[in-house]
Amino acid sequence: MKCPDPSLLVDLALDDELDTARLAEFERHLQSCPDCAVAYARKKALKGALCAQLPRHRAPSTLVQRICKARKRFGNEAAPTIARQEAPLFPRMGTLSGAEFLHRLAATCKAPVTRCRAWLEASVTPFSQSRS
Amino acid sequence: MDPEAKRSFEKIVLPHLDAAYNFARHLTSNADDAADVLQEASFRAFRFFGGFRGGNARTWLLTIVHNTAYSWMARHRRIALHGSTKDAGIERPLEAFYAVPWERLPDDPETILLLAESEEALAKIVDRLSPEYREVFVLREIEEFSYAEIAEVASVPIGTVMSRLARARRQVQKQWRRQAELEGGAR
């Protein structure tokens, strides 16, 4: 086995990301390559010391209780925060089928469009009248 | 949701609340924010549990926590997505290339233990990583997720996980070493 990138291989080995065959090959390589063996030992020690010191936070019991209570209370419903966050653009049309949605949308838009059209017609002088 | 599904949720998802909280806590760097994120993520998990088709429940839950945390941070504090600005050097990706070469890492475990004597300092160093580096680092080094699991949680390719992890490690080691030198100099 060559030393393609000892740093990478050492990382993969320490992260348990080498399959059995590659790990066996790597271990054989370590026996014949003092540089990689030293690198492996260093990294292993460093990783062990570092991981031992990394803070592992546990969920506060009050929070766990709150989650369990909320789950019982809301059942399959969305929690209020979720409902607010994922509120549909057209709340009253959320459960309609596609065709029905378009139909309702057209009906909703009809009145404003009609009003706009009337306003435009009233405010813009027709071309034929402006010339006369 | 029927009682059977409720029981399954309790059995399958609740055991991973600690891991989910730890992940949220590291992502938000704040206990109160982590509680908010976990609560919101739990509601989502409960709501979407019907769509869970078995498999790795821990990865499934932490993926929801990941998505919730990022949308939460985008809503509440835009700057968090780009990391802290207190130490400008640490979250610049290119900075990782100037990290301590692995050959220069301490030789013996005793020196390494000396480096590791301040847990609080280490926590601060991890907090100063930008979120995308911090999350792969935390998932690998604390939760011991595989690269594939991290890729799933963070929704990135495995190659990205590997490069982020390598950079995060270099940044942490560099800052850790600098911290130890500072402490050594102060004595």
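User: Hi! Is Phe49(B) buried or exposed?
Analyst: Phe49(B) counts as buried because its relative accessibility is 8%; buried means under 20% relative accessible area, exposed over 50% and partly exposed in between, with a 1.4 Å probe and protein chains only. This is a predicted model, where local features need pLDDT of at least 70, side-chain atom pairs count only at pLDDT 80 or more, and totals for chains, interfaces and linings use all residues. Residues are numbered from 1 along each chain as its sequence is written, and side-chain values use heavy atoms, with hydrogens and water left out.
User: Which residues share an aromatic cluster with Phe49(B)?
Analyst: Phe52(B) and Trp60(B) form one aromatic cluster with Phe49(B). Rings of Phe, Tyr and Trp (its six-membered ring) pair if their centres lie within 6.5 Å; planes under 30 degrees apart count as stacked, over 60 as edge-to-face and the rest as tilted.
User: New topic: where is Ser130(B)?
Analyst: Ser130(B) sits in the loop between α6 (119–127) and α7 (131–141) of chain B; helices are DSSP runs of H or I, at least four residues, and strands of E, at least two, numbered from the N terminus. Ser130(B) counts as buried, at 5% relative accessibility.
User: How far is its C-alpha atom from that of Ala168(B)?
Analyst: The C-alpha atoms of Ser130(B) and Ala168(B) are separated by 9.0 Å, and the residues are 38 apart along the chain.

Terms used
Chains are lettered from A and ligands numbered from 1 in the order in which they are written.
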